[in-house]
Amino acid sequence: MLKKLIKHDFLAQKRILQPILLSVLIAGIGSGLLTFIIHNIGLSDRLGWLYFFLVILSAYYCFLSIAVTAICTYVYYYKNLMTDEGYLSHTLPVTATQQICSKFVTSLIWQLISVICAVASYAVMSLLLTLTFGSNDQFIYFSKILQKIFFNISVYLTIDMRWFWLVLLTITDSFATVFMVYLAISIGTISALKHKVLASIAFVFALNVARVVVTQTFLAFFEGILANNMDLETMIVTSFLNIVIAIVCFVFTKSLMEKKLNI
Amino acid sequence: MDSILTCNNLSKSYGFMLALSSVNLAIPKGRVVGLLGPNGSGKTTFIKIAAGLLTPSAGNIFVDSKPVSVDTKRIVSYLPDRTYFSKSIRVKECLELFADFYQDFDMERAMQLLKDHQISTDAKMKQLSKGMQEKVQLALVMSRRAKLYLLDEPIGGVDPAARDYILHTIVANIHPESTILISTHLIADVENILDDVIFLKSGSIVLHDSVDNIRNQRNSSVDALFREVFAYA
């Protein structure tokens, strides 16, 4: 049943997210191509402001789409389980655990797809800009700065397998965030008689503050100093805490759905 | 006779408001039962508890001798008093969803019901009127070979012609082994299809009897008895 649930949840979110992510690809490729064309037909002087504007806008849009995708998956969780759609979802022969896991898996898949789309769009746009301004001194200068930054980061990450812990931290952070938002939405919609969306948003902020306080307190207690984000021990301890937070949020969300559901 | 739905001292409260108060009930298999009462009498709350959408504050409820769970959801076909499909979903995707999750779903029957009402399976729900969306839901719910159908206000808020169609669809799809629990306050429209009636008043059962008994022993129609029981003093 979980497979079927994942299939239907994935398709339901596809109806909303596919157009958004396609527009991200179109924006990146389109603005890169437009810049290339304008530059090569010799209209840079008159229309330079246009491609400058489009490139900046597309770059922002690429990365904004990642956040928009995450928000859309949270809205889907709310709509599918806590509004009229819940009359169907909660009467399907599936458990609360399967419902939460399906939403979680599909949310992560769509967030991953959005990152791939954003990076692909950004990469194509950068490639087209390189082709357009490859010989431009300023462009080469900025490219060198970026290369240097990435080189320094890669050197840093190879020390003590830091790349591994950074990847683990990113993954566990996603897990904890998704389950925390699910819990906040569940508490908000089940406890509030009116303004359920506002209540859910308030609980997202409240739980986020609680999470930061718990993490920082734990790190301070564990290490004797306040956490430094790039520190190896901090990454390991925070990853562990993220897993604990994800499990706690999952258990509470499941319990609320099984015992306090009220739609 | 075996009961499909049993509840013992079932109560539900929303804060300080008591919606159901110590309800004791046993609904036998193979009957068409009307759950009748004025607005706010607890009909929807009762059906939602049986469907697994609400948890009771006290007491127990059993469907086919099992507590409400995934197992009971497999044999219960529930029609709520509102439309529950996403507006962006196509009718054929609704059919696929039911076929995927309910083993007792009869696709041919559903297709025939949709065809009878000229509802295209390619149509999106947002392209259909509210009445048509309700008909899609009814077609899907009645296309299951469920042991228990829970129909919450299936004829509420629709015109008399649509009421006839809905009741015809329900009657035409009744399986001898199935039990149908219909909640409504439009007694005259459903009276002819009911075997038993349950009168619910302020969260308590005030009458549970067969329609034949009401007619023969009380010499009254269900509609007349309802007006008598729920008359405003």
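Predicted model: local features only at pLDDT ≥ 70, side-chain atom pairs only at ≥ 80, totals over all residues.
A salt bridge here is a side-chain nitrogen of Lys or Arg within 4 Å of a carboxyl oxygen of Asp or Glu. By that rule, three salt bridges link chain B and chain A. In one of them, the side chains of K7(A) and D100(B) meet at 2.8 Å, N to O.

Residues are numbered from 1 along each chain as its sequence is written, chains are lettered from A in the order written, and side-chain values use heavy atoms, without hydrogens and water.

Now to the interface. In contact (heavy atoms within 4.5 Å) are 26 residues of chain B and 23 residues of chain A. The buried area (accessible area, 1.4 Å probe, that two parts lose on being put together, summed over both) is about 2,400 Å², and carbon and sulfur atoms give 60% of that. L53(B), D100(B) and F101(B) supply 30% of the area that chain B buries against chain A, more than any other three residues.

| Residue class | Residues |
|---|---|
| Nonpolar (Ala, Val, Leu, Ile, Met, Phe, Trp, Tyr, Cys, Pro) | 14 residues |
| Polar (the others, Gly among them) | five residues |

As for confidence, the predictor gives the complex an ipTM of 0.87 and a pTM of 0.85. Chain B has a mean pLDDT (the predictor's confidence in each residue, from 0 to 100) of 87, and 98% of its residues reach 70 or more.
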